[in-house]
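Student: Could you go through this model with me? I'd like to start with the aromatic residues and then move on to the sheets.

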Amino acid sequence: MDSKTQDARRVGVAIGIESMKAHDDLLESAVIAVGDAAYMWLIDDNTLNWGPGAAQLLGISDVSTISTHRDFAARVASDGPSRYELICRSRESDTGNGVAYEFEYQIRDDFGGMRWVEDRGRWYGGPDGAPQRAVGVLRAIDERHKRDEQLVRLSTYDELTGLLNRVRLKEALTDAMIASQRGRQNSAFLLIAVDNLALINDAFGFDVADEVIVSVGKRLATLARRGDALGRYAGNKFGLILRNCNEERLDGICERLLAEVRDKVVMTARGPVSVTVSAGSIALPGHASSVDQALARAEEALVSAKQRLRDSHVVYRPSREREKTRLRNINVADELITALNDKRIRIAYQPIVDATTGKPFIYECLVRMEQPDGSIMAAGHFVPVAEKLGLIGLLDYRVMELALATLRARPDVRLSLNVSGRTTSDRLWRETLAGSLASDRSLAERLVIEITETVAIQEVSELTEFVATFRDLGCQIAIDDFGAGYTSFRNLKMLDVDLVKIDGSFVVDLATNPDNQFFVRTLVNLAQNFNLPTVAEWVSNAEEVEMLRQFGVEYLQGFYLGEPALSLPGSVHSLAGRRTVA
């Protein structure tokens with residue numbers, strides 16, 4: 001080989017070596033960049049050989065301090081089997097391709113911290129198949145663990161209060177009930193609600209309301225014992241599971257909980273806020289056989305507490321009458337849903353007559369349910385159940401459809417349509433009725449919408465928009481049961497109604513009851529001050545008719561003047577050209 005060839009070969013080898021070094025440097029940079037570190041563990045020699053990037057990944061300034069597995073293991077934190085046990089005492093045997101392993105653990109760095117790593121590799125056996133050496137890669141997974149922990153926390157704890165969330169609270173209640181049913185210990189469940197949280201929202205804003213919820217949660221937590229479970233059940237409600245608690249202790253416990261919240265104001269960013277809570281509780285397992293039943297009965301007790309004054313509590317106790325009522329309500333609700341589906345909801349028309357002429361002026365639409373056998377069920381048998389179970393909106397919608405159909409079919413009649421408080425805020429009901437009236441203004445001119453006085457008092461600001469919408473379309477608005485809720489002069493003026501219907505309880509025994517006479521005169525005078533016509537309900541005899549005329553009542557309604565009927569008279573000539581109640 002001549003000298004030129006030898007020189008060329010030397011140059012080629014040098015270039016190859018440099019290229020390999022560059023390649024290795026590139027690989028090393030890549031490994032460091034992704035945060036991995038390779039190692040080889042010679043098990044028999046107890047030595048660890050580390051690849052590039054190990055010191056940075058592990059936060060160890062000098063990897064020579066972990067050159068043996070014993071040194072490395074001293075830094076590893078593990079609740080379960082050690083790394084050595086998982087590999088060296090594996091029940092598997094290497095048949096030639098090695099045995100894969102993968103686990104996670106924390107390792108202490110040189111700065112007093114702990115780092116999570118994922119350890120993946122493969123060990124290879126000696127002649128007997130037992131582990132002899134292991135080759136693997138460590139990867140930093142601190143960020144992933146933080147995300148996993150956050151997801152676990154979100155799935156377990158309420159984000160605002162840090163207490164158990166609804167799902168975990170129900171799981172804890174399940175565990176408590178199982179323990180109780182097996183006879184190991186009695187327990188109890190409390191449902192605790194912040195009183196008037198909506199008012200706090202309105203007065204101070206949602207941020208302050210959140211501060212109140214957090215503060216109440218902390219106060220309740222101070223009374224919970226080890227083994228009890230406290231969680232946020234809903235927006236303003238907390239659930240507390242008391243282990244080893246019998247029914248006799250519940251009254252005293254509830255009193256302490258209420259006092260803990262009541263006796264100290266909550267300091268918020270906008271100043272002190274006085275807060276109270278109400279509670280419903282149930283002893284377990286005696287009064288519930290399932291978690292859902294326990295929750296429902298605690299909710300029932302809470303509702304009873306709220307029907308009292310604020311800052312009240314009720315312990316659930318079984319009642320035969322209440323169970324009979326509940327079963328009846330369920331049956332009536334089923335019948336109502338079936339009747340709605342089968343188009344068996346009917347309207348009964350009761351005349352409202354002119355006090356002077358005695359002729360019909362308006363017909364009030366009263367809801368009825370036709371039974372499968374053709375018999376008719378009065379509203380009193382199913383409307384209260386519909387209101388209690390949240391079905392009144394479906395019923396109001398159907399009655400509205402029937403009333404519109406009647407107005408289209410009978411251009412000679414005027415109708416009065418009752419609306420429940422919940423329905424006044426029902427977007428679908430409002431939009432459907434408004435759309436029908438806008439397309440045919442003659443319907444609106446013959447329709448009076450009745451709102452009960454109690455709803456008008458409680459929701460006057462919201463009802464102002466409702467009243468304005470339908471008055472603009474041409475409807476007239478009546479306040480029903482006038483006097484039952486003592487509507488103020490200001491409310492009457494703000495709502496801008498067209499007619500008031502005096503509550504029938506003031507008309508009963510009018511001729512012989514001086515108090516009722518005084519109330520009716522007062523209510524009529526109040527309405528006249530606002531130039532509002534009045535209707536007297538429940539009129540039952542001629543003597544009441546004459547007395548009401550003398551008081552200045554313009555319109556009368558009652559069985560004496562006309563009972564509700566499922567059909568209208570063939571022709572209502574007396575309505576032609578009659579004045580409106582404006």
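Student: How many aromatic pairs does the structure hold?

Tutor: This is a predicted model, and the structure holds 12 aromatic pairs. One of them is formed by Trp50 and Phe72, a tilted pair with 5.4 Å centre to centre and 50 degrees between the planes.

Student: Are Trp429 and Phe470 buried or exposed?

Tutor: Both Trp429 and Phe470 are buried.

Student: Back to Trp50 for a moment: which residues do ring pairs link into a cluster?

Tutor: The cluster linked by ring pairs consists of Tyr39, Trp50, Phe72, Tyr101, Phe103 and Tyr105.

Student: Now the sheets. In what order do the six strands of the open sheet come?

Tutor: The order is β2-β1-β6-β5-β4-β3, and the pairing is antiparallel. β2 and β3 (76-77) stand at the edges with a single partner strand each, so one side of each has no neighbour in the sheet.

Student: Which strands does β1 pair with, and over how many bridges?

Tutor: Strand β1 (residues 36-42) pairs with β2 in the antiparallel sense over four bridges, and with strand β6 (residues 131-140), again in the antiparallel sense, over seven bridges. To place these pairings in the structure, you can look for Trp41, whose bridge partner in β2 is Leu48, and for Ala38, whose bridge partner in β6 is Val137.

Student: Which residue takes a positive phi in the hairpin of β1 and β2?

Tutor: Asn46 does, with a phi near 60 degrees, in a hairpin that has four residues between the strands.

Student: Switching to strand β15, how many of its residues are buried?

Tutor: Strand β15 (residues 360-370) is mostly covered, with 10 of its 11 residues buried.

Student: And what is β15 joined to?

Tutor: Strand β14 (residues 345-354) runs antiparallel to β15 and is joined to β15 by nine bridges, with Ile352 having Ile362 of β15 as its bridge partner. Strand β17 (residues 415-419) runs parallel to β15, and three bridges join the two; here Glu364 stands opposite Ser416 in β17. Strand β16 (residues 376-377) runs antiparallel to β15 and is joined by two bridges, and the bridge partner of Met369 in β16 is Met377.

Student: Which residues take a positive phi in the two hairpins that involve β15?

Tutor: In the hairpin of β14 and β15, Gly358 takes a positive phi near 75 degrees, and there are five residues between the strands. In the hairpin of β15 and β16, which has five residues between the strands, the residue is Gly374, with a positive phi near 95 degrees.

Student: Let me jump to Lys237. Why does it count as buried?

Tutor: Lys237 counts as buried because its relative accessible area is 17%, under the 20% cut-off. Lys237 lies in strand β9 (residues 237-243), and its side chain makes a polar contact with the side chain of Glu299 at 2.7 Å. Leaving aside residues up to four places away in sequence, Lys237 touches Ile192, Ala193, Arg232, Glu299 and Leu302.

Student: Which charged residue lies over the face of Tyr233?

Tutor: Arg166 lies over the face of Tyr233, at 4.0 Å from the ring centre.

Student: Last topic: what pLDDT does the chain average?

Tutor: The protein chain averages a pLDDT of 85, and 88% of the residues score at least 70. Over residues 11-17 the pLDDT is below 50, and this stretch has zero contacts in the model beyond near neighbours in sequence. Residues 573-582 also have a pLDDT below 50, but that stretch has 26 contacts in the model beyond near neighbours in sequence. Where pLDDT is low, the predicted coordinates should not be read in detail.

Conventions. Residues are numbered from 1 along each chain as its sequence is written. This is a predicted model: local features need pLDDT of at least 70, side-chain atom pairs count only at pLDDT 80 or more; totals for chains, interfaces and linings use all residues. Side-chain values use heavy atoms; hydrogens and water are left out. Buried means under 20% relative accessible area, exposed over 50%, partly exposed in between (1.4 Å probe, protein chains only). A polar contact is a pair of N or O atoms within 3.5 Å; within protein, one must be able to donate a hydrogen and the other to accept it, and residues adjacent in sequence count only if both atoms are side-chain atoms. Contact means heavy atoms within 4.5 Å. pLDDT is the predictor's confidence in each residue, from 0 to 100. Rings of Phe, Tyr and Trp (its six-membered ring) pair if their centres lie within 6.5 Å; planes under 30 degrees apart count as stacked, over 60 as edge-to-face and the rest as tilted. A charge sits over a ring if NZ of Lys or CZ of Arg is within 6 Å of the ring centre and within 35 degrees of the ring normal. Two strands pair if DSSP finds at least two bridges between them.
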